[in-house]
Every structure is written in C-alpha cells, then in structure tokens.
Amino acid sequence: MSSAAAAPESFSPMSRYLLEARGVRKRFGSTEVLKGVDLLVEPGKLVFLIGPSGSGKSTLLRCCNRLEEPDGGSIIMDNVDLLSPRTDINAARRQIGMVFQSFNLYPHLTVQKNITLALRKVAGMSTADANARAAEMLALVGLPDKAAAYPTQLSGGQQQRIGIARSLALNPKIILMDEPTSALDPELVGSVLAVVKDLRDRGITMVIASHEMNFAREAADQVVFLDGGLVIEQGSAEDIFLRPQEERTKRFLAQIRH
Amino acid sequence: MEQFTQEFFNLDVMTKVAPFLLQGLLQTLLLCSFLIPIGLVSGILVMLLTTSPYRLLRWPAIVAVDFFRAFPPLVLLVFVYAGLPFIGLRVPALVAVAVAFLINSASYYGEIYRAGMVSVPKGQREAARSTGLSATQTLLYVTLPQAIRNVLPDLLSNTVELVKLTTLASVISVPELLHSANLARSLTYNSSPLILAAIIYLLLLLPVVRLIARLEHRL
C-alpha cells in the first residue's frame with residue numbers, strides 16, 4: 001500500500017483500484033475532520049475503517065458518495081472522477097451503495113417499496129421487474145417474508161438487513177457501510193454481520209466503518225486506522241491487529257479491548 | 001325567553017330562508033373547491049422557498065410569509081379587490097378572493113409544511129440521494145410524503161380555518177353562505193338566518209374537527 005500512497009495524483013484510465021480517494025480534505029467550521037486522507041480499494045475487497053469516534057471514518061465514507069462535499073483531494077470511482085462538475089452525481093451514486101448506522105429506511109413505505117423505489121425511479125425498471133428484484137434481495141438477506149411489512153414492525157437487525165438489501169438491489173460496484181451495527185442490540189449484530197460475510201464471499205466490494213474488531217479480524221482484507229483526520233496505519237487485518245507499528249494504533253486497540 | 005327564541009331560533013323564518021341559504025352554501029362550497037387546492041399547492045411552493053438553500057430566495061420568502069401571516073386578511077381582500085382597478089386591473093370578485101386567499105393561505109400552509117419538513121430526519125434525504133434519486137424525486141417520494149403525514153392534523157385544522165375564512169368574501173358581496181344569511185337577516189328583521197348558517201357550518205366542519213382530534217390522538 002505504501003507504494004500506491006506515494007504515487008502521483010494522476011489517475012490512469014486503467015486503475016487497479018475500484019475506489020481511489022487521494023488527499024481528501026473536509027472541514028466543518030473550524031474543525032478539520034479530514035486532513036488529506038488516501039483510501040484505495042481494490043475490487044472484491046472488504047476494507048475496514050477503524051478509529052476512535054471523531055477520527056473522520058464516517059466523513060470519509062460520506063465524501064465517497066458526496067453526501068459531504070470534500071474541500072480538497074480527488075475521488076475516482078471506477079475511473080469516474082466523482083468530484084468533477086461534469087459528473088452526473090445521481091448516476092454515479094447508483095454505483096455506490098450506502099448503508100447507514102440508523103438504517104434510514106423510509107417509514108411510510110413497505111419493505112418492498114423501500115427496495116424498489118430507486119429501481120423504478122432511477123433504474124427505470126417496471127414495477128414487476130423491480131418487485132422480482134426485491135424478492136431476490138430479501139431472500140439474500142434472509143427476510144423473504146417481509147416484503148409487505150413496514151420498517152417499524154421490524155427489529156433493528158432486520159431493518160439493517162433491509163437497508164443492505166435496498167442498496168444491494170441497484171447492483172452497485174461498491175457498498176459503503178457507516179457503522180452498520182452500532183445502533184443494534186448485541187444479540188442482533190450477528191445476523192447483520194452474517195449478511196456482510198455472505199456479500200464478501202460473493203465478491204462484493206465493501207468499505208465498512210465499524211467497531212466490530214472481532215469481525216474485522218476474521219473478515220477484512222484490509223484495515224485502515226484513522227485518527228485525528230489522518231490515516232495512521234493500514235495493512236492486512238493481521239498486520240494491524242497482531243503487529244501494529246504505530247503507537248496510536250496500539251493505544252487504540254488496547255483501549256477497545258476493554 | 002319567548003322573545004329570545006323568536007329572535008334567534010324562529011323555525012318559520014328558518015324554513016322560509018333555507019333555500020336561499022342553500023344557494024349561499026353552494027357558493028361557499030364553490031369557493032372552497034378552488035381556495036383549498038390553491039392553498040395546499042401554493043403552500044408547498046412557499047415551503048420550498050422558505051427552506052431553500054439559496055439566501056436570495058429564502059430571505060424574501062421568509063419576510064413575505066411573516067408579513068402576510070400578521071396582516072389582517074380582511075384588509076388584504078379589500079385591498080386586492082378595490083386596489084387593483086387603480087393599476088388598471090378590474091377583476092371579478094371571485095378572482096380577487098382567489099388572489100387574496102392565495103397570498104394569505106399560502107403563507108399559513110407554507111409554515112405548516114415547513115414544520116413538517118423539519119420533522120423528517122435528514123437521514124431520509126441522505127438515504128434517498130445515496131440511491132441516485134434526484135433532489136426532486138427525493139422530495140416527491142421520500143421527504144414530502146413523510147412531512148405531510150407528520151403535520152396532517154395541522155393541515156386539516158388550517159383547512160377548517162380557511163373554510164370559515166371564506167365568510168370574508170361577503171364584504172365584497174360574493175353571495176356565499178354568511179352573505180346570504182346576513183341578507184336574509186335584514187330582510188326578515190330576524191337573526192334566525194344567522195343561526196341557521198352557523199348550524200350549516202357546524203354540520204360541515206364538526207366531522208372534520210373530530211377527525212383531526214382522532215388523528216392527533218393516533219400520532
């Protein structure tokens with residue numbers, strides 16, 4: 001990874017990275033949340049962002065689909081320059097799934113309509129096709145009988161699995177997950193992580209900001225440790241969890257083990 | 001007591017003027033049939049202006065909304081009706097009513113919609129945009145339906161107020177229900193027509209008021 005980080009800030013049309021964010025900066029008022037962050041994701045990989053709260057994990061993810069506008073840097077997604085004014089951001093976002101900490105399911109719509117809304121309005125599918133796709137996604141997340149339910153009738157774990165199904169339905173190139181299990185009761189976390197594991201085994205590229213260290217250790221291809229708006233250290237799960245090099249990484253890992 | 005009943009609850013008078021008042025009721029219903037849709041739609045437009053991210057749109061809209069919420073609607077109506085001819089526009093009374101009510105009720109409905117939009121968590125918009133929905137699609141399919149659901153009792157309450165406010169049209173001689181009742185009162189030298197009009201308004205609006213109470217209970 002270190003050689004890639006030193007590469008010049010140009011992007012070749014044949015980048016080996018699906019997501020190539022370089023030097024991303026973001027400031028909220030007087031607080032600089034991201035101070036020039038690189039995030040390089042190869043296709044098919046599961047990347048974990050870890051770090052204390054306020055380290056910039058969420059902001060980095062949200063910059064990657066421009067829910068936040070970065071103040072500087074470049075973000076290339078599948079050879080599309082996301083920050084170019086000429087890029088159709090709505091079209092680009094179809095390729096970038098997002099899963100939220102608080103699920104953000106539409107409470108006024110059934111589970112089926114939650115999943116099919118973008119299929120019908122953005123992807124232009126017929127209602128019949130969209131419903132079939134929704135059924136497929138619901139089966140995949142293990143909730144085949146919930147199409148007619150409303151989000152409030154579901155547990156948090158079920159809601160998050162619907163959230164994953166909703167983003168997955170558009171067949172995105174990558175899925176960004178912002179603390180997908182942080183709002184869940186402990187006994188519901190496993191069902192969501194099982195779905196993530198399944199997606200990983202299907203070769204779906206994911207970037208997950210999370211505190212689920214045990215899961216990161218067994219499932220992540222790459223772990224990125226952020227602190228104070230900077231990438232402090234990154235490497236394989238083994239590198240980071242068993243052989244952390246940086247003092248701040250060691251301190252963070254020691255803290256969360258308690 | 002006998003005199004009181006004769007003055008206010010005279011059944012003979014009521015029976016005699018009932019057909020005349022029903023014509024007034026038709027006129028009131030006609031007014032409502034375009035004033036309510038105008039208010040509901042223009043309120044959404046006003047909300048879009050007062051919540052716009054562009055200051056040049058937002059601030060004039062907020063000033064105008066504040067002004068017209070504080071401005072007496074009766075004066076507004078007379079001003080529109082009697083004032084427009086001075087700039088060369090002679091408009092029928094019904095058009096003057098439509099314009100005055102548009103200005104007035106758009107402000108009120110607009111503020112209700114705005115409260116509704118504020119009550120929708122911003123994660124809803126983010127979820128919608130993250131799936132590629134445009135800003136307009138997000139408004140139409142995700143945020144506005146939730147906003148309306150959240151403020152439905154307030155929208156209905158304001159609509160009840162609007163129906164009662166149509167009585168103002170009587171001052172520029174639109175023959176709506178109150179105007180008819182008042183005319184009947186002066187012709188019969190008896191106040192019973194006014195009471196009959198009140199009863200008609202009650203029959204019209206009580207079910208709605210009851211519905212609002214139930215909706216508020218549900219929320």
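Start at Ile148(B): setting aside neighbours within four places in sequence, Ile148(B) is in contact with Gly116(B) and Leu155(B). Here, two residues are in contact if their C-beta atoms, placed from the backbone, lie within 7 Å.

Before moving on, note that this is a predicted model: local features need pLDDT of at least 70, side-chain atom pairs count only at pLDDT 80 or more, and totals for chains, interfaces and linings use all residues. Residues are numbered from 1 along each chain as its sequence is written, while chains are lettered from A and ligands numbered from 1 in the order in which they are written.

**Stop 1: around Ile148(B)**

Keep Ile148(B) selected. Its place is in helix H7 of chain B. Helices (H or I, at least four residues) and strands (E, at least two) are DSSP runs, numbered from the N terminus. Is Ile148(B) buried, exposed or partly exposed? It is partly exposed, because 17 other C-beta atoms lie within 10 Å. The cut-offs: a residue is buried with 20 or more other C-beta atoms within 10 Å of its own, exposed with 12 or fewer, and partly exposed in between, with C-beta atoms placed from the backbone. Tyr113(B) and Ile148(B) are 35 residues apart along the chain, yet their C-alpha atoms are separated by 6.8 Å.

**Stop 2: the bend in H7(B)**

Select residues 135-150 of chain B, which make up helix H7. Where does this helix bend? At Thr143(B), by about 45°. That bend is the angle between axes fitted to the seven residues ending there and the seven starting there. A proline, Pro145(B), follows within four residues. Colour the buried residues of H7(B): Thr138(B), Val142(B), Thr143(B) and Ala147(B). They pack against helix H5 (93-118) and helix H6 (122-130) of chain B.

**Stop 3: helix H4 of chain B**

Select residues 73-83 of chain B. In this helix, H4, Leu77(B), Val80(B) and Tyr81(B) are buried. Look down the axis of H4(B): the buried residues fall within an arc of 90°, so they line one face of the helix. The arc is that of the directions from the helix axis to the C-beta atoms. On the other side of H4(B), Val75(B), Ala82(B) and Gly83(B) are exposed. H5 of chain B is included in what covers the buried residues of H4(B).

**Stop 4: where the chains touch**

Show both chains. The contact takes 20 residues from chain A and 16 residues from chain B. On chain A, helix H3 (89-94), helix H4 (111-121) and helix H6 (156-169) each supply at least two residues of the side that touches chain B. Which helix gives the most? H3(A) does, with four residues. By class, this side of chain A has ten nonpolar, six polar and four charged residues. Ala, Val, Leu, Ile, Met, Phe, Trp, Tyr, Cys and Pro count as nonpolar, Asp, Glu, Lys and Arg as charged, and the others, Gly among them, as polar.

**Stop 5: chain A as a whole**

Chain A has ten helices and ten strands. Its C-alpha atoms fill a box of roughly 50 × 45 × 35 Å, taken along the principal axes. Of its 258 residues, 47% count as buried.

**Stop 6: a covered strand**

Select residues 46-50 of chain A, strand E3. Five of its five residues are buried. Leu46(A), Phe48(A) and Ile50(A) are on one side of E3(A), with Val47(A) and Leu49(A) on the other. Two strands pair if DSSP finds at least two bridges between them. Val47(A) has Val207(A) as its bridge partner in E8(A).

**Stop 7: an open sheet**

Four strands of chain A form an open sheet in the order E2-E1-E4-E5, with antiparallel pairing. Strand E2 (31-41) and strand E5 (80-81) of chain A stand at the edges, each with a single partner strand, so one side of each is left without a neighbour in the sheet. Eight bridges join strand E1 (residues 19-28) of chain A to E2(A). Pick out Arg27(A): its bridge partner in E2(A) is Glu32(A).

**Last stop: Phe103(A)**

Select Phe103(A), in the loop between strand E6 (96-99) and H4 of chain A. Its phi is positive, about 65°, although it is not a glycine. Phe103(A) is buried, with 24 other C-beta atoms within 10 Å.
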